[in-house]
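Dear colleague,

I am passing on the structure we spoke about, and I would be glad if you could look through it alongside the notes that follow.

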Amino acid sequence: MASLPEFSFRRWSAWAPAMSVADNWLAWARCETSLPDHEETAAVRAMPPLLRRRSHPLGRAALEALYAPELAYADQPIILCSRHGEIDRSAILLQALATEGKVSPQEFSMSVHNAIPGLFLIARQSRSPVIALASENRLALSGITEALVRLADGVSSVILIFCDAPLPMLFRPFVYNEPTCFAFALEMTAGRDYRLACNDTDTAPSQEADSAPMSDSALPLLRFILDERESALPLSADWRLSRLEAGHA
Amino acid sequence: MIDEIKTLIIETLNLEDVAISDIDADAPLFVEGLGLDSIDALELGVALNKRYGITLSSESEETRRHFASVRSLADYVAARRVR
């Protein structure tokens, strides 16, 4: 099997309630703190109010990460990865349909998975391509794979954004529920820091990949990137994200 | 009625940071003036139906006239409301 291209994560940004600065996230990544149980909606002051009003709390978290100065967004393609997106809109629409028979055109117009980056690009008047992915527990693998495809296509930099939020009560009995609303953005470029490794083709799966259970959340990806102690992160039963040693051959 | 329509617009369209006094009753509601768009027009149509029982045709030239400003909308609602 031909080896997969190596890559780097050049910049990152993240937002969650009471987690607005990089130091909050670095402390969280080192497991010194956990995500606070706190209700807060991102202000997204960088976005014109007439567009901002269309976003719900999850969208605002994602927009705050996209607008973050640390990310220095420069019209790269955006890959949005979210297990459920702004699913609260679907709950509102379904309940309105069941009880009143009339649904909100505004909620309906925003109830597609790519609406959040769409809003961001409208505000920037940018025509950058957007892909929106949903996946049960392979979100990080799906996103990184999609970004590798984009890089192989000749793009030099891609923005990956991961976001999810607690589910409406309606859906909670059925699936994993994120305890906190969060969003993080990663700028992925060609580089020599990471690669995707397949357990079948690598002779010795790493200890970390064996011991750490796969997560239903995308957050372990951010923790793995920020806290450099682990050498690999399992992304599926077969695939893991491997950190390459500095100066490897 | 003017203030009632302004409140309806602000609440229905999530116009945060906009107060009743910020809206000029005679200014255009769409594109210029308040800067609303076609989705807002549909949303207002649904809200007017729920609140006042008014049904507007989305295609008619008449509807455009009623949606021109807060004042024209207030006049129309006052004349046609069924609740």
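This is a predicted model: local features need pLDDT of at least 70, side-chain atom pairs count only at pLDDT 80 or more; totals for chains, interfaces and linings use all residues.

Residues are numbered from 1 along each chain as its sequence is written, chains are lettered from A and ligands numbered from 1 in the order in which they are written, and side-chain values use heavy atoms, with hydrogens and water left out.

**The contact between the chains**

Chain A gives 14 residues to the contact and chain B gives 17 residues, contact being taken as heavy atoms within 4.5 Å. The area buried between chain A and chain B is about 1,200 Å², and carbon and sulfur atoms give 45% of that area; buried area here is the accessible area (1.4 Å probe) that two parts lose on being put together, summed over both. Between chain A and chain B there are 7 salt bridges, and 11 residue pairs, both residues at pLDDT 80 or more, are in polar contact. A polar contact is a pair of N or O atoms within 3.5 Å; within protein, one must be able to donate a hydrogen and the other to accept it, and residues adjacent in sequence count only if both atoms are side-chain atoms.

On the side of chain A that touches chain B, the elements that give two or more residues are helix H2 (49-52) and helix H5 (105-109) of chain A, helices (H or I, at least four residues) and strands (E, at least two) being DSSP runs numbered from the N terminus. The largest share of that side, 4 residues, comes from H5(A). By class, the side of chain A that touches chain B has 4 nonpolar, 3 polar and 7 charged residues, with Ala, Val, Leu, Ile, Met, Phe, Trp, Tyr, Cys and Pro counted as nonpolar, Asp, Glu, Lys and Arg as charged, and the others, Gly among them, as polar.

**Individual salt bridges**

Asp40(B) forms a salt bridge with Arg53(A), their closest N and O atoms lying 2.7 Å apart, and the side chains of Arg54(A) and Asp40(B) also meet in a salt bridge (2.5 Å, N to O). Arg54(A) lies in the loop between H2 and H3 of chain A and Asp40(B) in helix H2 of chain B, so this pair joins two chains. Arg54(A) counts as buried at 7% relative accessibility, and Asp40(B) counts as buried at 0%, where buried means under 20% relative accessible area, exposed over 50%, and partly exposed in between (1.4 Å probe, protein chains only). Arg52(A), Arg60(A), Glu16(B) and Asp17(B) are linked in a network of salt bridges.

Within chain A, Arg229(A) forms a salt bridge with Asp227(A), the closest N and O atoms being 3.0 Å apart; Arg229(A) is exposed, with a relative accessible area of 58%, whereas Asp227(A) counts as buried at 12%. Within chain B, the side chains of Arg64(B) and Glu61(B) meet in a salt bridge at 4.0 Å, N to O, and both residues lie in helix H3 (residues 61-66) of chain B, 3 residues apart, about one turn of the helix.

**Strands and a helix of chain A**

Strand E5 (residues 182-190) of chain A is mostly covered, with 8 of its 9 residues buried. E5(A) pairs with strand E1 (residues 7-15) of chain A in the antiparallel sense over 8 bridges, two strands being paired if DSSP finds at least two bridges between them, and Phe7(A) stands opposite Ala190(A) in E5(A). Strand E4 (residues 157-164) of chain A also runs antiparallel to E5(A), joined to E5(A) by 8 bridges, and there Ile161(A) stands opposite Ala185(A).

In helix H6 (residues 115-124) of chain A, the buried residues include Ile116(A), Leu119(A) and Phe120(A), and what covers the buried residues of H6(A) includes H2, helix H3 (57-67), strand E2 (78-81) and strand E3 (130-133) of chain A. H6(A) is followed by Gln125(A), whose phi is positive, near 50 degrees, although Gln125(A) is not a glycine.

With best regards
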